[in-house]
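Take a walk through this model, one region after another. Keep the sequence and the 3D view side by side.

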Amino acid sequence: MMQTLSLAPWLVATPLVGAALLLLVGRLSDRWGHWLGVLASTATFVIGLVILLDMLGVAAEDRVGVHTTASWIDVGPLQVDLGFQVDPLSMTFVMLITFVGSLIHLYSVAYMSHDRDRRRFFAYLNLFVAAMLLLVLADSYLLLFVGWEGVGLASFLLIGFWDHHLPNAVAGKKAFVMNRVGDMGLIAAMMLMLATFGGVDFATVLGSADAADQGTTTAIGLLLLLAACGKSAQLPLQAWLGDAMAGPTPVSALIHAATMVTAGVYLLVRSGPLLEAAPDAQLVIAVVGALTLLFGAIVGCAKDDIKKALAASTMSQIGYMMLAAGLGPVGYAFAIFHLLTHGFFKAGLFLGAGSVMHAMDDDVNMRRFGGLARLLPVTAITMGLGWLAILGVPPFSGFYSKDKIIEVAFVGEGWRPWVFGTVALVGAGITAYYMSRLFFMTFMGRRRWATELAGGAGRDGADGDEAPVRHPHESPWLMTLPMIVLAIGSVGLGFVLNAGDRFVHWLEPVTGHAEHHEPVLPIWLIVTLTLVLVVLGAALAFVQYAVRRVPTTPPPAPALVRAARVDLHQDDVNEGLVMLPGRVLTRSLVFADRTAVDAGWLGLAGGVGRLGGRLRSMQSGYVRQYAAMTLGGLGVIVLVIWLVSGQGAS
Amino acid sequence: MIEFEAPVIDWAVLTPVLVVLAAGVVGVLIEAFVPDRGRRTTQIVLTLAALTGSLVSVVLLWDRVTTEGYAFVVDGTFLLTPFTLGIQAVVAVLAVLGVLVIADRTRTGQDAFAPTAAAVPGTTYEDAAREAGLQQTEIYPLVLFATGGMLLFPATDNLIVLFIALEVLSLPLYVLCATARRRRLLSQEAAFKYFLLGSFASAIMLFGIALVYGFAGTVSLEGALFVLVHPESQVLEMMPSLVIAGVLLITVGLLFKIGAAPFHTWTPDVYQGAPTPITGFMAACVKAAAVGALVRVVFTLAAGLDEPLRRDLEVGLWAVAILTMLIGTVAGAVQTDVKRMLAYSSIAHAGFLAVAFVGFSETGAGAVLFYVLAYGLATLGAFAVATLVREQDADGVVLGEATHLSQWAGLARRSPWLAAAFSLFLLSMAGIPLTAGFIAKFGVFSAAVAAGAWPLAVLGVLASAVAVFFYVRLIVLMVLTPPTEESEHPEHVEDGAEPAAAGTSRADDAAPADDAAPADDAAPATGTLTAARATLARASVVVVASRGPATVAIVLCAVGVVLLGVVPQVALDWAAQAATFRPLQP
């Protein structure tokens, strides 16, 4: 039994108090508010660390605990407690969220130093941390949903943080609305759970999942997948993530790379026992993961916006995690493992991108970067390490996590291992290409910008258009320090956690022990193929973007590239498939409402009015008439009784 | 020589009624002996004390009656069941609140009653009485007598006592209706109509009692039923239709009193013409008492009759319920006068109450108890608010009540609290959740559904939906419509909805009866509707401050409406406990 279980509520309360203070004290806390935010986040990390150390000190079977603070909802059949689920899975997330979160808080102190609303920014960040921790610590789907909505709110507020610029506000709204679609899935899933299992807490639902009808579990599984797709930007609810890059870069790093977008994976892994009772839903999850994996990778190849390229990469990497989660218990641990390593290296890459933008006057167009390695050495090295990690080059951390997913994708019978395995394999190659493209376009090759020293507005000979004037400089230590720490994680985390399958065993109390299955191809062949594809992809990118001249405007390209540049027409598809029919539907409903419903009611009201007028004229004021009505009424009643009963009886 | 055996009378069970009637007698003596100055105060204190005493004795009797099932005096002449006691409690509570409104003189220093109600309107005698500052404190004993009748009304098995109770409660009300300080002609007209039609209904009822007696040889309702179902004991053989006609006529007399259609015709005219505090008192207390008596009679009949006759009774109640809900809501929707609108609302509520009768279940009786309390609080509060919204002439002299709907436009801006309270009462009458009215309607309709009368419940819900229209319209008028626009053009609201023929007698009387626009202006006395409207348009609307009692009553009603709506369980438990009757003796 863990001693520190009762500390769990403080994990949520601490950042929540931070957020409340920052919002309530207001402008008075402008001067020190950001440090309060950092303090709240760090304190939460320390609390989490204490619980983690305690958990490591007890036997594996004692590592799962629920701390119930109070009864939350108690109405008839619905009983929900305010309970906190503390186990290896939730603690993995707690450490990721608070550790990366604290680093990003620190980074933001410098990154947002010129912003008038820095305090509000930190309030939202703290709010996000609190909601995210509630999401992963909740012991019921309903409490999880509170956190789920909380992170959605924080995400909305932070994407649109600079809402004086209209596209940012639009992006925030887009993310919010698309997330609502997923949320409906979670709500409907909870209704089904309540109807099927009589409760929404994990113990009840997951404990009796295999006893339930398979049709029901499949429905619940698919609804949970819908929720996960909304939150984790998976097909078909992926379109918001690219636009979400409108938020400040630390937000992109924390929320839209490391933590919130992975909440869908958490939800599915947490619901593991339920999904195992629904093999069809699992297959759909794997398919969605595989498709998104390719979708994100293809889009990532064509993006010139450094943040959007990274966002596409995030989408693709979460596709890997979903694929693993859809493969059943054999994949859960690797899904979470990849989630963890991805959290480190992708956050590091985003912070690096932020540092580059900081140096380049907030420009995000990689076609105007180039040759920055010498000017931004720390950024280049940390991003380089993150780059190698995401490529899956041994011994960087991505190698251990992604390679395992590719391996388990090849496990199984029939067509599945071949399809999923091939997709995962090809995805690794494309990942290598677009991430190398990003790295080379930014740090290598020729400078596609100018400095005043080099003769003011210089010319880039090839295209003849004017190169922008920039003064690249390395970021302050407050920004580089978190990047360095994350880079160290990108390098070593995978190796440390993989040694002796440590991480897999660590998660076993939650995910259960998975039997080892042999892939359909020998492991050495899979690893070799992966590495060959990675090297090929990287080499292609090197030739195209480091050796050859990079045009500063997107060159004419084949149809696929043009489609990838506009996110494979995702917005057009959404508009055509959803918005247009939706608009037609609402218009016709409004029309029907006006012509049919309103007219009907107005007619009815008119009828009531006319009838009332007639009744009123009967109310003449003459007593004789009143008395006659009384007597006549008596006759009418007798007549009614005679007609109804007398007739019926005879 | 006939040996006379003195009956054993259990005086204790009579206390709730006796206290009130005795206080009424004392009140008459006070009129004779207490000097002018202290008379009004003494009367108010006595009235409130008597009503409170009655309430206390009801509470004291509670345990005994609920444990024993019933209490009995002289062969059913006085019969106290838990249900009767419940009705008595409701009547006593509502009467206390009603008296508070009656006693309020507002900051104008005038109560709602004529200095001398006997004076012919517009005479010098009347002017003299007014200048002398006379006041009519007899209203308090009258209220006590009426209340005594109401307490007795549901508490008897003896049809003669039932009739006496009816008259004891009605006669003071006829007088009270005629005592309005303003619009005297309208008031007297209302009283006279009420008297004529009330007598008519009493006669119908008495005729019914005579038929029952003629058939069964007894004036005990239960006795008559016994005879009906045991043919061997019949005095007049082969004529059971006599007793059926008899109970039908008795029921009609009671339906008249609760204002159920088609016996409702008196309600709008009387409610409009009576002094507003009396209207509130009547609407709340008389309704409760008459419903109590009706439930007692109807439920006893249902328990005693055999199946086909019981079915006939049910059909009759269905017809009455449907007709009443329909007329109350539909006619209510086209009213332009606040008091008339509330009168039709009262009719509609009689219909909703009748819905709970079908099935003759104890659930239904409990729902009825809760309903009369909820409705009584709301309607009493609403009429209390109506006493405070007044007209004012160009010199700033406060006139009578501004009852035209258009004059209530924008009230929320001038008196937000008053308008909020009034809105609350209207919402409760409409049956909006979190108010008492919702729980009450829910109880009534679910009782009907439980009895299998779901079409009636559906009709009830539909009628409620129509009724929401005219309640909410008034709220919209008070809150959203700017005052000047509406009060300068009252015709706007009429919108041609009122045909010229409708209510001519009312409208013709309304103008001259306004005694603050004195008789020196002869034109309005014979004026047309248009002239009356012109008068309306000239007068501005003002909200007079209460001297306290009315405010207390309004606040208590509002609190009650909210409490019964938000935490109804205590009252529901109480109503369920009270909803038991004395089983018929074999």
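This is a predicted model: local features need pLDDT of at least 70, side-chain atom pairs count only at pLDDT 80 or more; totals for chains, interfaces and linings use all residues.

Residues are numbered from 1 along each chain as its sequence is written, while chains are lettered from A and ligands numbered from 1 in the order in which they are written.

The model scores ipTM 0.84 and pTM 0.66. Chain B has an average pLDDT of 85, and 89% of its residues score at least 70. Here pLDDT is the predictor's confidence in each residue, from 0 to 100. Residues 485-531 of chain B fall below 50. That stretch still has 81 contacts in the model beyond near neighbours in sequence. Two residues are in contact if their C-beta atoms, placed from the backbone, lie within 7 Å.

Chain B holds 24 helices and 5 strands. Both are DSSP runs numbered from the N terminus: helices are H or I with at least four residues, strands are E with at least two. Of its 586 residues, 61% count as buried. Buried means 20 or more other C-beta atoms within 10 Å of the residue's own, exposed means 12 or fewer, and partly exposed lies in between, with C-beta atoms placed from the backbone. Among contacts in chain B with a separation of 6 or more, 80% link residues 24 or more positions apart.

Which strands form the open sheet of chain B? Its 3 strands have the order 4-3-5, with antiparallel pairing. The edges are strand 4 (398-401) and strand 5 (540-543) of chain B, each pairing on one side only. From one strand to the next, the twist averages 45°. Strand 3 (residues 389-392) of chain B is joined to strand 4 of chain B by 2 bridges. Two strands pair if DSSP finds at least two bridges between them. B:Gln392 has B:Val398, in strand 4 of chain B, as its bridge partner.

Now look at where the chains meet. Chain B gives 33 residues to the contact and chain A gives 24. Helix 12 of chain B gives the most to its side, with 10 residues. By class, the chain B side has 23 nonpolar, 5 polar and 5 charged residues. Ala, Val, Leu, Ile, Met, Phe, Trp, Tyr, Cys and Pro count as nonpolar, Asp, Glu, Lys and Arg as charged, and the others, Gly among them, as polar.

Next comes a helix pair. In chain A, the axes of helix 17 (residues 397-409) and helix 19 (residues 477-498) come within 5 Å and cross at roughly 55°.

Finish with the backbone. Most residues other than glycine have a negative phi, and most peptide bonds are trans. The peptide bond from A:Leu235 to A:Pro236 is cis, with omega near 0°. B:Ala261 and B:Pro262 are also joined by a cis peptide bond. A:Asp567 has a positive phi of about 55°. A:Asp567 counts as buried, with 25 C-beta neighbours inside 10 Å. For A:His569, phi is near 60°. A:His569 has 13 such neighbours inside 10 Å and counts as partly exposed.

Methods:
Axes are lines fitted to C-alpha atoms, for helices over the stretch in contact, and angles run from 0 to 180 degrees between N-to-C directions.
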